[in-house]
Structures are given as C-alpha cells and as structure tokens.
Amino acid sequence: MPTKIKDVRPPHGLTRLLMRLPIWLFRTHLGWVMGERFMLLTHTGRSSGVPRQTILEVLQHETASDAYYVLSGWGDKADWLRNVEKTPEVIITVGHRHVHACAVRLGSEEAERAILAYAKRNPLAMRVLPRMMGYRLDGSEEDFRALAHLGIVVAFRPTSAVSEKAALEQ
C-alpha cells in the first residue's frame with residue numbers, strides 16, 4: 001500500500017528551487033524541450049489574485065478532446081491544486097502551444113484509469129517519480145490503484161470544449 005498522501009510533504013528549500021527550474025525553459029520559449037510530457041500551468045493565486053506558475057507532469061493527453069490529465073503529487077496540500085479549485089480557469093503551455101482551459105477534479109474511477117494507463121506507458125517513471133515525492137510503491141497494479149484513490153487527478157479541458165459540452169448538456 002502506498003504512503004498516505006498526508007504523510008507526503010511538498011518540497012522546500014533547494015529541492016523546491018530545483019523542481020521549479022523548468023519554468024524558466026517555458027519563460028524563455030524553450031518549453032518544447034520538455035515535449036508533451038510536461039506542461040506549464042499558469043493559474044491564479046487564491047489569496048493574492050496574482051498569476052502563479054508551476055510545472056506538472058502530464059499523465060495523459062486525450063487527443064480527441066485535447067484534455068490533459070495530471071496527478072497532484074502532494075495531494076490536497078499542493079498550492080496549485082488549491083488555487084485551481086478556487087479559480088479553475090487556467091492557461092496551460094505544452095511545447096509551443098498555449099491553451100485556455102478549465103481544471104476539473106476527476107472521480108476515483110477516472111483517476112484510476114489515467115494512472116494505470118500512465119504506469120503502462122511509463123513503467124520506469126512510475127517507479128522513480130513517486131519515490132522522489134516520498135511514496136513507497138511496490139510497482140503492482142494494486143498499488144497504482146490505491147495511489148489513484150489516495151491521489152488527486154485533475155483534467156485540464158480547453159475552455160471551448162468545456163463550453164460546447166455545457167451547451168450540449170442544457
């Protein structure tokens with residue numbers, strides 16, 4: 001069973017600085033170097049109202065809807081997650097593309113599918129990255145399913161697609 005999310009703490013100090021360095025690749029228009037595996041999230045600070053940025057690893061890109069799925073590695077303690085829950089309208093940058101999107105927290109079944117699909121596509125990353133964040137995974141499908149139920153997966157859906165879907169539902 002993976003370490004509980006409440007036991008995993010966001011980085012601070014030098015580790016935090018190192019994890020934020022890729023932001024500068026995007027700011028200098030070199031985000032394409034990161035490929036489609038990482039995205040720059042520009043969101044609004046929940047208290048300050050000031051634009052904030054963070055780098056997130058993409059679990060999955062659904063080409064039909066152009067939605068990007070990410071896991072909050074720090075659970076509900078992640079500042080970016082708390083910010084997008086207050087103000088879900090964001091801008092994501094992947095490669096050279098800038099997309100206005102709406103953040104939507106997924107249910108546990110959808111989160112499980114996204115994490116399992118990622119684990120199958122990226123087995124090495126799924127063994128290494130969670131350990132870097134403090135999780136102890138044994139690499140089994142059962143462990144990945146447990147992570148999906150403990151973790152928080154967010155979909156970033158282009159606002160035009162969100163608007164079209166809402167119009168169809170009415």
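**Surface and aromatic residues**

Modeller: The protein exposes about 9900 Å², of which carbon and sulfur atoms supply 56%; accessible areas come from the Shrake-Rupley method with a 1.4 Å probe, and for residues only the protein chains shown count as cover. This is a predicted model, in which local features need pLDDT of at least 70, side-chain atom pairs count only at pLDDT 80 or more, and totals for chains, interfaces and linings use all residues. Residues are numbered from 1 along each chain as its sequence is written, and side-chain values use heavy atoms, with hydrogens and water left out.

Biologist: Which aromatic pair does a search of the whole structure find?

Modeller: Rings of Phe, Tyr and Trp (its six-membered ring) pair if their centres lie within 6.5 Å; planes under 30 degrees apart count as stacked, over 60 as edge-to-face and the rest as tilted. The search of the whole structure finds one aromatic pair. At 6.2 Å centre to centre and 40° between the planes, the tilted pair is Trp80 and Phe156.

Biologist: Why does Phe156 count as buried?

Modeller: Buried means under 20% relative accessible area, exposed over 50%, and partly exposed in between (1.4 Å probe, protein chains only). Phe156 counts as buried because its relative accessibility is 0%.

Biologist: Is Trp32 buried, partly exposed or exposed?

Modeller: Trp32 lies in the loop between helix 2 (22–27) and strand 1 (38–44); helices (H or I, at least four residues) and strands (E, at least two) are DSSP runs, numbered from the N terminus. Because its relative accessibility is 45%, Trp32 counts as partly exposed.
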